[in-house]
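Me: I would like a close look at a single part of this model. Keep it brisk, please.

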Amino acid sequence: MTKIVNSWNDFDPLKHVIVGRADHSCVPPEEPATSEKVPIDSPMRGMWGPRPLETVEKANAQLDNLARILTERGVRVDRPEPLQWNQPVITPDFRTGSMMTCMPPRDTLLTIGNEIIEAAMSFRCRYWEYLAFRPLLSQYFNEDPEFLWSQAPRPRLSDKSYKHNYYDEKISLEERLVRTANKDFVTTEEEILFDAADVMRLGKDLFIQHGLTTNRKAMEWFKRRYPELRVHAVNFPGDPYPIHIDATFVPLRPGLIINNPHRPLPKAQREIFEKNDWQIVEAAMPAHKEPPPLCYSSVWLSMNCLVLDHKTVIVEASEVNQLEQMDKLGMNVIPVHFRDAYAFGGGLHCSTADVYREGSCLDYFP
Ligand code: ARG
């Protein structure tokens, strides 16, 4: 019996990781939580159904290549078992026409030390997504006597969990930014809701983005559940679609974080980093003007890198500005082509979930 699960941050030496799979991915039908996340001018509005097979195959080729590169570097790589995502989800509280995908794993699974938590996700189409990871979690449970396998309280996702008139076709970008600044999001405080990718782990501290996918009640849950950790709510008023922290605020090594220049961390929230001599550097501009077709995310997946250790990082191969910045920041950069996977939910960090990194729970902000 050995220790399989251990990870306290996103930069200590990576030894074991889950890499997602795009098989059977669907564009889900609109629902209260998602309609407002599809940008107004997006051709994806109103469409749903299985994604074109050719795009699935291309994404899988890049995911497989990422898995191969990691394996060659001595990282153990596990893969989920996708379900037939085109099936409806029916519960006593809601019904929706199809599921989505098991991409990206970072949204679903949150590793804190020897524990992996299945998140309390707010999208109805993602209700069963954790099932794709169950074979792996079950295996870790059998192999590692210390592995804590948990699930956050299952949300019901009834109509009470959403503001129904929140979304309106005519809402302008300016209005969206006002809402972000006012912390007025589509989800209500009816129940605990969070995506794992809204939680940035830095040892003893959890920085959790309050936005479209994570509410205040989730922060309160984290506080009670982890009294030995410090929970900080963070928000980025420059982001009209605040979903997941990892294209906004990305730690590279102890003492260094890159921050999306369009979404700066507010001054009051910067203090904890500055007082402890952490440097917050503006991330380089993305190399692309537009995200790839049928993609929900912004061009800022450029900064969604996968850190392998304090000196090594994987960056998307066409992101020339980000590659160059990493080099200047003293990182060894491994370029990996990944844009074909973007449409399935995100970049290199999103598409993975930590199982094991060396290191322990450190206090970076004493
Ligand atoms: N909201 C981010 C952006 O579009 C994308 C974040 C994707 N991250 C993830 N873990 N799925 O800039």
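Which residues line the second largest pocket?

Reply: This is a predicted model: local features need pLDDT of at least 70, side-chain atom pairs count only at pLDDT 80 or more, and totals for chains, interfaces and linings use all residues. Residues are numbered from 1 along each chain as its sequence is written, and side-chain values use heavy atoms, with hydrogens and water left out.

The lining consists of R51, E54, T55, K58, P292, P293, L294, R339, D340, Y342, A343 and F344. A pocket here is an open set of points on a 1 Å grid over the protein atoms alone, where a 1.4 Å probe fits, with protein on both sides within 12 Å along at least five of seven lines; lining residues have an atom within 4 Å of a point. By class, six lining residues are nonpolar, one is polar and five are charged. Ala, Val, Leu, Ile, Met, Phe, Trp, Tyr, Cys and Pro count as nonpolar; Asp, Glu, Lys and Arg count as charged; the others, Gly among them, are polar. The volume is about 220 Å³. That is the space filled by probe spheres set on the points, which are joined across faces, edges and corners.

Now the sheet. Three strands form an open, mixed sheet in the order β4-β1-β19. Strands are DSSP E runs of at least two residues, numbered from the N terminus, and a pair needs at least two DSSP bridges. β4 (76-78) and β19 (352-357) are at the edges with a single partner strand each, so one side of each lacks a neighbour in the sheet. β1 (residues 14-19) pairs antiparallel with β19 over five bridges. L14 sits opposite R357 in β19.

Technical notes
Helix = DSSP H or I, 4+ residues; strand = E, 2+ residues; numbered from the N terminus.
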